[in-house]
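Dear colleague,

Please look at the sequence and the model below before reading the notes that come after them.

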Amino acid sequence: SAASSSPPSSAASSSSAKASAPPSSWATASAASRWPRASEEVAVLLSGGVDSSVALRLLHDAGVRCRAFYLRIWLEDEQAHASRGECPWEEDWACASAVCEQAGVPLEAVSLQDEYSQLVVEYLISEAAAGRTPNPDIMCNSRIKFGAFLDKVGRHFAAVASGHYARSTVPTPSCAMVLDTRATRSAQDRSAAYATAMVAAHGDASKTSVLRERELEARVGQDGSGVASAELPAPAQLLMSADPHKDQTYFLSQLRQDQLERVLFPIGHLPKSEVRALAEELQLPNRQRKDSQGICFLGQLNYDDFLRDHLGERPGPVFEFETKQVIGTHRGLWFHTVGQRRGLVPVLTNAFAAKGPWYVVKKDVENNALHVSREYTAADKSRNAFNANSLNWLSGNPPAADGEQIPLQVKVRHGAQMHDALVTVHEGGARVGVQLSSRDKGLAPGQFAAFYDGDVCLGSGVITEEVHS
């Protein structure tokens with residue numbers, strides 16, 4: 001999660017004096033010498049926030065060997081912030097250090113700033129410049145937290161855990177055994193309840209898959225053929241969390257199967273209120289810290305300022321959608337997205353600014369024009385059908401054959417709102433057509449649409465265009 005603007009608790013502040021700053025580079029020692037027991041440990045992504053801290057403690061108190069990792073991905077000018085007495089990482093690192101010191105868990109920092117710049121920031125800038133609506137948080141999860149980090153560090157460990165509000169089935173023996181056997185070691189301890197809940201959160205499929213893996217291995221060993229006669233374990237599934245308002249499966253919908261099967265979500269079975277209550281019960285040093293908001297790498301920077309620094313300004317006309325009358329001048333299409341209300345008054349002439357509220361209904365990239373309206377719910381703005389491509393199906397396969405239409409649920413943004421929809425699969429699952437049962441508040445090219453079958457997240461794709469049905 002992003003750096004929070006709230007001050008750390010006194011415990012975290014006192015610990016920061018002891019903890020060294022996160023290193024600017026990561027040691028190049030071999031994995032075997034650096035983490036000799038990595039195969040028996042879980043690598044926990046620790047941001048300094050409450051959610052990841054509770055996730056760490058649930059695993060640790062259940063008897064699971066943990067090693068915490070803090071990811072350096074911010075892009076702010078560290079020297080400029082240091083000169084003002086503001087460091088983008090200082091509070092996060094202090095809180096993470098205090099939580100690990102309290103639990104007796106080792107903490108390391110891994111610098112992934114170069115990877116973030118290449119894999120996420122360049123994507124954000126190019127999508128914004130093309131007039132589309134990017135989602136860097138989705139890319140951060142698939143390309144950095146469970147991409148670059150998993151490839152560089154996490155692959156050496158039994159599993160990688162995070163504080164995301166999501167659940168999963170865990171088919172691989174290494175992940176499932178961490179939950180299945182280590183969690184039961186503390187049966188006499190208060191944390192046994194947490195362990196039981198954790199195992200339950202990942203479903204019976206984790207246990208079943210381990211048994212099936214063992215049976216397959218046994219059968220292969222018995223007949224000596226090296227070929228298993230039984231059906232292979234089912235793919236890992238990404239499941240919605242117990243808290244629909246905090247559910248983060250939308251942000252995880254671009255994970256590949258080989259990533260998902262290595263990941264644990266220890267707080268996915270808990271509502272946010274219970275996570276906060278656990279932080280208090282455990283007396284976590286950062287228990288009073290507020291939730292982070294916004295894009296993780298920006299820290300204290302304003303998003304519009306970030307875009308202006310990288311893309312500058314490109315003024316163009318603002319049209320009233322219904323009358324085609326010019327009513328203002330925008331400073332760049334990348335500062336706006338379909339459905340947006342905030343920030344429009346400054347780009348409108350005085351005669352129209354007070355007649356709102358105004359909403360963005362269309363971005364005409366070819367003519368560098370912005371179209372706005374006061375009648376956002378009018379029938380001529382259908383917002384109930386779209387096409388999407390670049391589909392990622394978490395199971396590795398689309399949910400239907402080409403040309404087949406299936407009923408699913410769809411999210412087009414983070415949050416509890418879902419639409420019932422009819423989804424038609426094309427090109428072997430690489431493209432879909434989507435017909436929503438109700439109108440959405442804004443469908444924009446570049447937005448991700450995540451698809452669900454009940455509480456199972458099937459994957460997501462990028463909206464290419466709205467279809468007027």
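The notes below go from the chain as a whole to its sheets, its cores and its cysteines.

Please bear in mind throughout that this is a predicted model.

The chain as a whole

The protein chain has 469 residues, and buried residues make up 54% of them. Its secondary structure consists of 15 helices and 17 strands. Among contacts with a separation of 6 or more, 70% are between residues 24 or more positions apart. The accessible surface comes to about 20100 Å², and carbon and sulfur atoms account for 49% of that area.

Strand 7 pairs with strand 4 (residues 159–161) in the parallel sense over 2 bridges. In this pairing, V160 stands opposite V263 of strand 7.

Strand 8 (residues 316–320) and strand 9 run antiparallel and are joined by 4 bridges, with V326 of strand 9 as the bridge partner of F319. Strand 8 is also joined to strand 11, here by 3 bridges and in parallel. F319 stands opposite H371 in strand 11. Strand 11 (residues 369–373) and strand 10 then run antiparallel, with 5 bridges between them. Two of the facing pairs are Y359 with S373 and K363 with L370. Strand 10 and strand 11 form a hairpin with 4 residues between the strands, and N368 in that hairpin takes a positive phi near 50 degrees.

How far is strand 11 enclosed by the rest of the structure? Strand 11 is largely enclosed, because 5 of its 5 residues are buried. A369, H371 and S373 point one way from the strand, while L370 and V372 point the other way, and all are buried.

The nonpolar cores

In soluble globular proteins, nonpolar side chains tend to be buried together. In this model, the largest nonpolar core has 49 residues. Those with the most contacts inside it are F69, L112, I144, F146, F149, L238 and F265. Several elements supply at least two residues each, among them strand 1 (42–45), strand 2 (66–72), helix 6 (113–129), helix 14 (303–311) and strand 17 (456–466). The largest share, 8 residues, comes from helix 7. A second, separate core of 22 residues includes L239, A388, W393 and A400.

F146 deserves a separate look. Leaving aside residues up to four places away in sequence, F146 touches L45, N141, V160, S162, H164, L252, L255, Q259, V263 and F265. The C-alpha atom of F146 is separated by 9.3 Å from that of R256, a residue 110 positions away along the chain. R256 is found in the loop between helix 11 and helix 12 (257–260), and R256 is partly exposed, with a relative accessible area of 40%.

The cysteines

How many disulfides does the structure hold? The number is 0. For C66, the nearest cysteine sulfur is that of C100, 9.3 Å away. C66 is buried, with a relative accessible area of 6%. C140 is likewise buried, with a relative accessible area of 1%.

With kind regards

Key:
Residues are numbered from 1 along each chain as its sequence is written. This is a predicted model: local features need pLDDT of at least 70, side-chain atom pairs count only at pLDDT 80 or more; totals for chains, interfaces and linings use all residues. Side-chain values use heavy atoms; hydrogens and water are left out. Two strands pair if DSSP finds at least two bridges between them. Buried means under 20% relative accessible area, exposed over 50%, partly exposed in between (1.4 Å probe, protein chains only). Contact means heavy atoms within 4.5 Å. Accessible areas come from the Shrake-Rupley method with a 1.4 Å probe; for residues, only the protein chains shown count as cover. A disulfide is a pair of cysteine sulfur atoms within 2.5 Å. A nonpolar core is a set of buried Ala, Val, Leu, Ile, Met, Phe, Trp, Tyr and Cys residues joined through side-chain atoms within 4.5 Å.
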